[in-house]
Amino acid sequence: MVILAIDTCQAALIEGMVFSSQGPVAGAEVRAYPDYQALVSEKSTRISSAGEKPGQYRLELPPGRYFLIATARQEGKTLFSYHGLNPIVVTEDFRWLPFFVVEQPPPDCRPGPTGIGGLVSYKNHPLAGGTVSVYAVNDEQFRGMGILTNTIGPDGRFLFDLPPGTYVAVARQRFRDATSMGPLRKGDLFCYSDANPIQIKPETICQVEIPCYPRDDLAGFLDAENQDPRGRKEPDRRQASLQDTRLFQEMGNPATESTPSAILSGTVTDVSGQPRPGLYVQAYPTSHQPIFQMHMIRLITDRKTKSDERGRFRLELPAGTYYLVAREKLGEAPEPGEFYGLYEETANHTISLLPGVVTTEAVIRVEQVMTRE
């Protein structure tokens with residue numbers, strides 16, 4: 001392991017507390033890595049120092065992009081947390097970032113059909129519902145639909161048939177909008193296993209338990225007999241912890257929620273001009289994506305609606321520029337026979353919306369893809 005020296009004159013301060021379900025964990029450490037490969041190999045590590053209270057940590061980092069984890073020991077058990085906002089953008093501003101650490105059972109790999117299976121759990125109970133996705137290791141963001149996404153069964157179990165390789169498995173459960181693929185909201189569950197990345201060999205299946213912890217909801221995470229120990233300063237600290245959430249949202253959107261809205265309406269038709277009802281219309285912000293790429297349609301954006309019986313649709317969006325897609329299904333590559341189409345009125349499939357302006361008669365033409373004669 002390489003521990004890098006810090007130039008404190010240029011460093012930003014991250015501070016917070018590490019909690020288990022029993023409360024603050026004394027002696028916990030938070031570590032920062034410049035990229036995911038460094039995390040896996042435990043190189044280029046920056047380690048926190050202890051704060052004034054049990055469970056509190058302080059970490060000084062030069063501005064940049066980091067992957068943060070927390071580790072702790074409690075009652076002879078090893079506890080771990082991978083922060084759900086990773087990678088976290090650190091600026092010269094103060095950040096308050098709490099960690100919820102949980103026990104991490106080791107994976108069980110044995111001969112069988114090649115793939116990854118296992119159990120998603122929350123507070124030592126199977127998690128019913130939500131989704132689990134597998135990602136390529138070089139993805140690093142580990143957001144969206146990944147290589148494959150499955151629904152978690154009512155018994156908390158999941159299974160992926162995969163070719164040999166190395167994968168990262170992440171599960172999530174959203175309570176407000178189960179179909180959304182945007183940032184998690186308060187109380188939503190983020191689930192990550194210390195077994196990641198998981199190496200799958202030929203004719204081997206690895207059974208993994210993926211434990212969950214809630215986004216920004218300490219009261220829900222603590223056992224019933226434990227009280228929130230943060231006291232009156234919690235409102236200010238919570239605002240600090242949400243700064244990185246806002247950064248992530250702004251990176252994926254051309255405007256924040258405070259941007260004046262625009263109204264987009266139009267029609268979905270087939271190539272002969274007949275309206276197509278019941279199709280999803282999705283708007284993807286063009287920020288950081290100057291060219292439309294097919295992997296984007298595997299992400300389920302919050303900016304979506306369905307065409308009505310006349311093929312009409314209406315979306316209220318922050319002003320900006322969007323890629324428009326119409327299709328039958330969400331979160332997968334187009335299937336043979338599926339009606340699918342892009343907005344074709346501009347060469348790059350984008351439409352620009354001005355603040356306070358109603359844009360009408362946007363037409364998206366769809367046709368069945370990969371049909372066989």
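## Disulfides

The structure holds two disulfides (cysteine sulfur pairs within 2.5 Å). This is a predicted model, where local features need pLDDT of at least 70, side-chain atom pairs count only at pLDDT 80 or more, and totals for chains, interfaces and linings use all residues. Residues are numbered from 1 along each chain as its sequence is written, and side-chain values use heavy atoms, without hydrogens and water.

Cys 109 and Cys 206 are bonded, with sulfur atoms 1.9 Å apart. The link is right-handed, at 105° about the S-S bond. Cys 109 sits in strand S13 (residues 108–111) and Cys 206 in strand S22, so the bond ties together parts 97 residues apart in sequence. Strands here are DSSP E runs of at least two residues, numbered from the N terminus. Cys 109 is partly exposed, at 41% relative accessible area. Cys 206 is buried, at 0%. Buried means under 20% relative accessible area, exposed over 50%, and partly exposed in between, with a 1.4 Å probe and protein chains only.

Cys 191 and Cys 212 form a disulfide too, with sulfur atoms 2.0 Å apart. Its angle about the S-S bond is 95°, right-handed. Cys 191 belongs to strand S20 (residues 189–192) and Cys 212 to strand S22, so this pair joins parts 21 residues apart in sequence. Cys 191 is buried at 0%, and Cys 212 is buried at 1%. In sequence order, the bonded cysteines pair 1-3, 2-4.

## Thr 204

Thr 204 is also in strand S22. It is buried, at 16% relative accessibility. Leaving out residues up to four places away in sequence, Thr 204 touches (heavy atoms within 4.5 Å) a set of residues including Cys 109, Arg 110 and Pro 111.

## Second largest pocket

The second largest pocket holds about 410 Å³ of space. Its lining has 19 residues; Ser 21, Leu 79, Val 102, Glu 103 and Asn 124 lie nearest the centre. Strands S8 (77–82), S12 (102–103) and S22 (204–214) each give two or more residues to this lining. S22 gives the largest share, three residues.

A pocket is an open set of points on a 1 Å grid over the protein atoms alone, where a 1.4 Å probe fits, with protein on both sides within 12 Å along at least five of seven lines; lining residues have an atom within 4 Å of a point.

## Thr 267

Thr 267 lies in strand S23 (residues 261–270). It is buried, at 14% relative accessible area. Its side chain makes a polar contact with the side chain of Arg 312, at 2.8 Å. A polar contact is an N or O pair within 3.5 Å; within protein, one atom must be able to donate a hydrogen and the other to accept it, and residues adjacent in sequence count only if both atoms are side-chain atoms.

Note on methods
Helices (H or I, at least four residues) and strands (E, at least two) are DSSP runs, numbered from the N terminus. Grid points are joined across faces, edges and corners, and a volume is the space filled by probe spheres set on the points.
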